[in-house]
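Dear colleague,

I am passing a structure on to you with this message, and below it you will find my notes on what turned up when I went through it. Please read them with the model open beside you.

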Amino acid sequence: MLDQIVADFSLPATGGQTFTLSACRGSIVVLYFYPKDSTPGCTTEAQQFRDLHAQFLDAGAIIVGASRDSLKSHENFRAKQELPFALLADTEESLCQQFSVIRMKSMYGKQVRGIERSTFVIDRNGVLRREWRGVKVAGHAQEVLSFVLGL
């Protein structure tokens, strides 16, 4: 998938919007997948992207978060954390499948199917330029920003 054009997709997004990748041509898209709204790691990750949002915008980048949560859950999470970017509701897992982020994970000794925390950078022409899988939250948003600044 790396260095190839990402297939177009559309999903419901917060703020009553529909996010369509092809509508973002000309901008860099930072698409990050996270397991669940309002959980500790996901909240920290969202806050880090929020805190660097202006710098991403200055670099010509749009940030979009995606999980399997409902739009209602996303709206609450976005409002509580004052996130200035859209969250996509991938309740059917179509985008998760497209980016192969669903994994079997161990939680409290049980195997559960869930989203592997992952981030993808898509360039101004719709080409996938970088991916991070199995992301550790600490410092991740800054690492993504450093990569974006080099594009």
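In this predicted model, strand 7 gives the largest share of the lining of the largest pocket, namely four residues. The elements that each supply at least two residues of that lining are helix 1 (40-51), strand 6 (102-107) and strand 7 (110-115). The lining of the largest pocket comprises 15 residues, and those that lie nearest its centre are Pro35, Lys36, Lys105, Met107 and Ile115. By class, the lining of the largest pocket contains six charged, five nonpolar and four polar residues, and the space within the pocket comes to about 280 Å³.

The buried residues of helix 1 are Cys42, Thr43, Glu45, Ala46 and Phe49. Viewed down the axis of helix 1, the buried residues fall within an arc of 165 degrees, so they line one face of the helix. On the face of helix 1 turned away from that buried side, the exposed residues are Pro40 and Asp51.

A second hairpin is formed by strand 1 and strand 2, with three residues between them, and Gly15 in its turn has a positive phi of about 75 degrees. Strand 1 (residues 10-13) and strand 2 (residues 17-20) run antiparallel and are joined by four bridges, with Ser10 standing opposite Thr20 of strand 2.

Most residues other than glycine have a negative phi. Glu93, however, has a positive phi near 65 degrees, and its place is in the loop between strand 5 (86-89) and helix 4 (94-98). Is Glu93 buried or exposed? Its relative accessibility is 13%, and because buried means under 20%, Glu93 counts as buried. Ser100, which is found in the loop between helix 4 and strand 6, likewise has a positive phi, in this case near 50 degrees. At 39% relative accessibility Ser100 counts as partly exposed, because that class lies between the 20% and 50% cut-offs.

Finally, how many cavities of 30 Å³ or more does the model contain? The count comes to one, and about 30 Å³ of space lies in the largest cavity. The residues that line the largest cavity are Leu21, Cys24, Arg25, Ser27, Val29, Ile122, Asp123, Arg124 and Gly126. Sorted by class, the lining of the largest cavity has four nonpolar, three charged and two polar residues.

With kind regards

Technical notes: Residues are numbered from 1 along each chain as its sequence is written. This is a predicted model: local features need pLDDT of at least 70, side-chain atom pairs count only at pLDDT 80 or more; totals for chains, interfaces and linings use all residues. Side-chain values use heavy atoms; hydrogens and water are left out. On a 1 Å grid over the protein atoms alone, a cavity is a set of points where a 1.4 Å probe fits but cannot get out, and a pocket is an open set with protein on both sides within 12 Å along at least five of seven lines; lining residues have an atom within 4 Å of a point. Grid points are joined across faces, edges and corners, and a volume is the space filled by probe spheres set on the points. Ala, Val, Leu, Ile, Met, Phe, Trp, Tyr, Cys and Pro count as nonpolar, Asp, Glu, Lys and Arg as charged, and the others, Gly among them, as polar. Two strands pair if DSSP finds at least two bridges between them. Buried means under 20% relative accessible area, exposed over 50%, partly exposed in between (1.4 Å probe, protein chains only). The arc is that of the directions from the helix axis to the C-beta atoms.
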